[in-house]
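Work through the exercises below with the sequence and the 3D view side by side, and try each task before reading its solution.

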Amino acid sequence: VPMVAPGNVQVHVINSTLAKVHWDPVPLKTVRGHLQGYKIYYWKVQSLSRRSRRHVEKKILTFRGNKTFGMLPGLEPYSSYKLNVRVVNGKGEGPASPDKVFKTPEGVPSSPSFLKITNPTLDSLTLEWGSPTHPNGVLTSYILKFQPINNTHELGPLVEIRIPANESSLVLKNLNYSTRYKFYFNAQTSVGSGSQITEEAVTIMDE
């Protein structure tokens, strides 16, 4: 098997899901056989938004020939990773380079996990929601937009409300009675807005 590990491993993080890895090729005489390529072993150490550590699954990407760089796609935003690089010949892999730590930046969050509308009265509705399963960063706020829908399914004026990220319910007051409303709801990080969920609800007709 090859004798030495690739040297001078550098990681350039391009965005929240993609990184580029550079290394110096090993001297050909240390390959001790036919150079087949290089392998990058990489694994997620932890999510930076949740401190939970789970079973670490190592992933491997192979780059054929005398490559000196490779791309790592499909990374998770706002996470800490480790990687190392090894050279490969027909017999197997050489030793691993020292582990390199890198962090991906924040991304936009996934949609809130649920939106539930309860307690209809003549002029109010109560909204409850769950935080995104994948915050992909630090949540800064939720954005609620809503508008009335009339009987011919035309949409009325859109109202937008920004809600602090630590809230999980809201009572909407001063609504019209016996009116159907359409709600659009999403979470935000400093990077931007995640995908929204929509829901409809009706205020009651009369007490």
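**Exercise 1.** Which order do the three strands of the open sheet have, and is their pairing parallel or antiparallel?

*Solution.* Begin with the basis: this is a predicted model, in which local features need pLDDT of at least 70 and side-chain atom pairs count only at pLDDT 80 or more, while totals for chains, interfaces and linings use all residues. Residues are numbered from 1 along each chain as its sequence is written, and side-chain values use heavy atoms, with hydrogens and water left out.

Strands here are DSSP runs of E with at least two residues, numbered from the N terminus, and two of them pair if DSSP finds at least two bridges between them. The order in the open sheet is β8-β9-β12, and the pairing is antiparallel. Its edge strands, each pairing on one side only, are β8 (112–118) and β12 (169–172). From one strand to the next the twist averages 20°, where axes are lines fitted to C-alpha atoms and angles run from 0 to 180 degrees between N-to-C directions.

**Exercise 2.** Find how many bridges join β8 to β9, and locate the residue opposite K116.

*Solution.* Strand β9 covers residues 125–132, and six bridges join β8 to this antiparallel neighbour. Within β9, the residue that stands opposite K116 is E128.

Notes: Helices (H or I, at least four residues) and strands (E, at least two) are DSSP runs, numbered from the N terminus.
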